[in-house]
Amino acid sequence: MNASVTSRRPLVTPRIFTVDDLDTDTIVGELLEGVGAVTLRGLFGTDEIAEAREIVMRESSGDAEAAKVTHFQGAAEREGKLSLQRRVWNLLAKGDVFSRMAAHPALMQTMRAFLGTEFIMGSIAANRILPGGPGQEPHIDYPYWDYHTPQTHPVRLNSSFPLNAQATIMLDPFTEETGATAYVPGSQRSLRYPDESDRFFDRCERMLGEPGDTVVFFGAVWHCAMPNHSRADRSAILIQYLPKWVKPMENIPAALPSSFVDAASSDMRQLLGLHYPYPEILDAARGGNAEGRTTMQTK
Ligand SMILES: O=C(O)CCC(=O)C(=O)O
Ligand SMILES: [Fe+2]
């Protein structure tokens, strides 16, 4: 058959934005009604990425026993390949570079437009896929990630507004060979956990990019890490952002020394959930009217 009439679909790659053209209205539209993902380019320099990668490689080098918790790796666990996807948790305690990543002004601006100005961070971790790593089960992300049991969530829950946004900061080239994240464009529009009949692997596209590229996606998009067929590691920083009232996945402040929390910037305190008071022991709270258009004045 003539090459010009072969039926390969055109690649559906996320639209690229930079700090200079960060059009958050368009980004919100792409995340909710478009393919479900965008790429932010140029946020992080070579030195920052090298520093982050060095820490991730060092912190995960001793985990050949796969002692750390990981996710969507049921098949790998059955095949004894669990140590080929390694997580590094509690990154804020492991280098200032991770605080700069989490609170990058372009990410803050994008997330404020998408999740509300007082959004929080529910998790920050590294995902390292070693050569030969088998990839993940197609899934959707927290707080929808156990949506394979939808009856445990509110009736008629839907994705007309977001309860999650993910940022994937690439530390290595994301190619088809290294296991760049796969996703089905537009799948976020009907909130569902993908199953066999969805033919995920026939329909998926890839989140390709270079070290430093940051893909922001709505976690209701069907996606997964793919097998790493290369000889190099494929690592990324995965950040989960949530509306202020969604219970975060990680108890990040509890894992940090109090000196970190004491020195945190206002944006970092917001990310840690410290600007939002609930749940609170209201029986012990300062008396007076604490909510409404007019609240008690500070004495
Ligand atoms: O590392 C990746 O490519 C995706 C990881 C992911 O989706 C997850 O762990 O929830
Ligand atoms: Fe995921």
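Visitor: Is N90 buried, exposed or partly exposed?
Guide: Partly exposed, in this predicted model. N90 has 15 other C-beta atoms within 10 Å. The cut-offs are 20 or more for buried and 12 or fewer for exposed, so N90 falls in between.

Visitor: What is phi of N90 near?
Guide: Near 55°. That is a positive value, and the residue is not a glycine.

Visitor: And where does N90 lie?
Guide: In the loop between β3 and α4, the latter spanning 96-102.

Visitor: What about R199, where is that found?
Guide: In the loop between β6 (182-183) and α6 (200-203). R199 has a positive phi too, near 50°, and is a residue other than glycine.

Visitor: Is R199 buried or exposed?
Guide: Exposed. R199 has 11 other C-beta atoms within 10 Å, and 12 or fewer counts as exposed.

Visitor: Now cis peptides. What is omega near for the bond from Y142 to P143?
Guide: Near 5°, and that peptide bond is cis. P143 sits in the loop between β4 and β5, with β5 at 165-170.

Visitor: What about the bond from Y278 to P279, cis or trans?
Guide: Cis, with omega near 0°. P279 belongs to the segment after α8, which covers 266-271.

Visitor: On to the fold. What is the strand order in the open sheet of seven strands?
Guide: β1-β2-β8-β5-β10-β4-β3, with mixed pairing. The edges are β1 (15-18) and β3 (85-88), and each of these pairs on one side only. From one strand to the next, the twist averages 25°.

Visitor: Let's take β2. Do β1 and β2 pair in the parallel or the antiparallel sense?
Guide: Parallel, over four bridges. R15 has V38 in β2 as its bridge partner.

Visitor: How many bridges join β2 to β8?
Guide: Four. Here the strands run antiparallel, with β2 at residues 37-41 and β8 at residues 214-217. L40 stands opposite T214 in β8.

Visitor: How many residues of β2 are buried?
Guide: Four of the five. So β2 is largely enclosed by the rest of the structure.

Visitor: Which strands does α1 lie across?
Guide: β1, β2 and β8. The helix takes in residues 24-32 and runs at about 140° to β2.

Visitor: Which residues of α1 are buried?
Guide: I27, E30 and L31 are buried in α1. They cover an arc of only 95° around the axis, so they are on the same side of α1. D25 and G29, on the other side of α1, are exposed.

Visitor: Now the ligand. Which residues surround ligand 1?
Guide: H71, N127, D141, T181, H223, C224, A225, A236 and L238. Two or more of the shell residues come from each of β9 (223-224) and β10 (234-242).

Visitor: How does the shell around ligand 1 split by class?
Guide: Four nonpolar, four polar and one charged.

Visitor: Last topic. Where is the place of S258?
Guide: In helix α7, which covers residues 258-263. S258 counts as exposed, with 8 C-beta neighbours inside 10 Å.

Visitor: How far apart are S258 and M111 in space?
Guide: 26 Å, C-alpha to C-alpha. In sequence S258 and M111 are 147 residues apart.

Notes:
Residues numbered from 1 in each chain as written. Chains lettered and ligands numbered in written order. Predicted model: local features only at pLDDT ≥ 70, side-chain atom pairs only at ≥ 80, totals over all residues. Near = placed C-beta within 6 Å. Nonpolar A, V, L, I, M, F, W, Y, C, P; charged D, E, K, R; others polar. Pairing = 2+ DSSP bridges. Axes fitted to C-alpha atoms, helices over the stretch in contact; angles between N-to-C directions. Contact = placed C-beta atoms within 7 Å. Arc of directions from axis to C-beta.
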